[in-house]
Amino acid sequence: MSIYNLRCSLLRGTPIALVAALLALGSAQASLSSAISIVLQKGRHYDPTDLFLRKGDTITLVNGDDNSVHHAFIEADRFAFDAGDQEPGKHATLTLKEPGDFIIQCGIHPKMKLTIHVQ
Ligand SMILES: [Cu+2]
């Protein structure tokens, strides 16, 4: 095999790697197409208080209070979530991996409740 032929076969190999990279990118974009819902934690309330979502969707909890710390959590048989203490201005993210109805509570403010309905 001449050097020229070797170069050609190397170049021919390149598009395959490129296609693989594009396929990987495509699947990343598919997961990004899942919905992201923003929930505000403010004045001892979640806003909104009910959310209808699909498995794979993401919720971003935003502490919109100036002084209050929040601590979002879910206690359910099939899955648990604990955001830990969330200082003012901080975000916490939750990806929904199980279908069903769940209640996001706040460990600091017992009246704070957000019901999520996951399909
Ligand atoms: Cu709270």
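How many residues lie between β8 and β9 in the hairpin that they form? There are six residues between these two strands. The model is a predicted one, in which local features need pLDDT of at least 70 and side-chain atom pairs count only at pLDDT 80 or more, while totals for chains, interfaces and linings use all residues. Residues are numbered from 1 along each chain as its sequence is written.

Strands here are DSSP runs of E with at least two residues, numbered from the N terminus, and two of them pair if DSSP finds at least two bridges between them.

| Strands | Sense | Bridges |
|---|---|---|
| β1 (residues 36–42) and β4 (residues 58–63) | parallel | six bridges |
| β3 (residues 50–53) and β9 (residues 113–118) | parallel | four bridges |
| β8 (residues 100–106) and β9 | antiparallel | six bridges |

An open sheet with mixed pairing is built from four strands, in the order β2-β1-β4-β7. Because β2 (45–47) and β7 (91–95) stand at the edges, each with a single partner strand, one side of each is left without a neighbour in the sheet. From one strand to the next the twist averages 25°, where axes are lines fitted to C-alpha atoms and angles run from 0 to 180 degrees between N-to-C directions.
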